[in-house]
Amino acid sequence: MEAAMGLMRRIHPKHTDTALSALLSLMPQHSSDLLSQVDQPLQVLCDEEIGKEFILCEYNRDADSYRSPWTNKYQPPLDDGLYPSSELRNLEIEANEVFAVYCDQYYEGGISSVYMWEDDNEGFVACFLIKKDGSRSGHGRRGYLLEGQWDAIHVIEVGPEDEGTSKYCLTSTVMLSLTTNNDMSGTFSLSGSIRRQVYFGKTREMVCTLRPPAEVAMMRLPES
C-alpha cells in the first residue's frame with residue numbers, strides 16, 4: 001500500500017484515473033483505502049434543470065448518482081439518496097452563493113461547489129471545491145496555456161469541544177497541471193499535488209495579530 005501511494009504521488013494528474021484503475025485491479029483488497037486516499041482530478045456535470053455546472057466528488061455521490069448543490073437533486077435521479085438536514089441545506093445554499101463570488105473574483109473564472117453533511121460527533125463537515133481550466137479554450141478569463149488545470153479540495157470538520165465552543169480542522173488538497181507551447185517558453189509541462197492540514201487556532205492568532213478585533217484595537221489607541 002505504501003508503494004502504491006508513493007507511485008500515485010508521482011503520477012501526472014492527467015494519468016491518475018488510468019493508474020488508479022490499474023492499482024484497483026492489482027490490489028482489490030485495498031480498494032477502499034485507495035479510493036479514499038487517492039485524490040483524482042475533479043469532474044464536472046451540468047445540472048439539467050437550471051443549466052448550471054457543478055463538481056463531482058465522493059462527498060456528493062450516492063451509488064452512481066451525484067447531488068447538485070444548486071437544486072439539491074441527484075443526477076441521474078435517485079429515490080433514496082442522502083441529503084443534508086434542512087438547517088445544513090440552508091447553510092449550504094449560502095456557502096455556494098458566497099463561494100461562487102469568491103471563485104469568480106479570486107480565480108477569475110472557474111467552477112465551484114460546496115457540500116455539507118452531518119458527522120457522527122454532533123458536528124458537521126463541509127467540502128469546498130474549485131476547478132479552474134486555464135487553457136486557451138477553458139472557462140477562465142486568463143487562458144494562456146495549451147493545457148492547464150487547477151483542482152482544489154478543502155474539507156473542513158466542525159465539532160463541539162467545550163460548552164459554547166467548537167473545534168475546526170481544515171484539510172486542503174491542490175492538484176495542478178499545465179502545459180505550454182509557444183515561441184517564448186517552447187513546450188513545457190509541469191504537474192504536482194499537495195495536501196496540508198490546518199488547525200484554526202494558529203490562523204486565528206495570525207489574523208487577530210494582523211487585524212485585531214475592534215475591542216482590542218480600541219484598547220491600543222493612545223489616550224488623547
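User: Where is the hairpin here, and which turn residue has a positive phi?

Analyst: First, the ground rules: this is a predicted model, where local features need pLDDT of at least 70, side-chain atom pairs count only at pLDDT 80 or more, and totals for chains, interfaces and linings use all residues. Residues are numbered from 1 along each chain as its sequence is written, and side-chain values use heavy atoms, leaving out hydrogens and water. Strands (E, at least two residues) and helices (H or I, at least four) are DSSP runs numbered from the N terminus. Here E1 and E2 make the hairpin, with four residues between them, and Gly51 in the turn has a positive phi of about 70°.

User: In what sense do E1 and E2 pair, and over how many bridges?

Analyst: Two strands pair if DSSP finds at least two bridges between them. E1 (residues 43–47) and E2 (residues 52–56) are antiparallel, over five bridges. Val44, for instance, has Ile55 in E2 as its bridge partner.

User: Moving on to Asn96: why does it count as buried?

Analyst: Buried means under 20% relative accessible area, exposed over 50%, and partly exposed in between (1.4 Å probe, protein chains only). Asn96 counts as buried because its relative accessibility is 2%. Asn96 sits in helix H4, residues 86–107.

User: Which residues does Asn96 touch?

Analyst: A contact means heavy atoms within 4.5 Å. Leaving aside residues up to four places away in sequence, Asn96 touches Pro69, Trp70, Ser113 and Val114.

User: And the whole protein: how many helices and strands, and what percentage is buried?

Analyst: The protein has six helices and ten strands, and 36% of its 224 residues count as buried.
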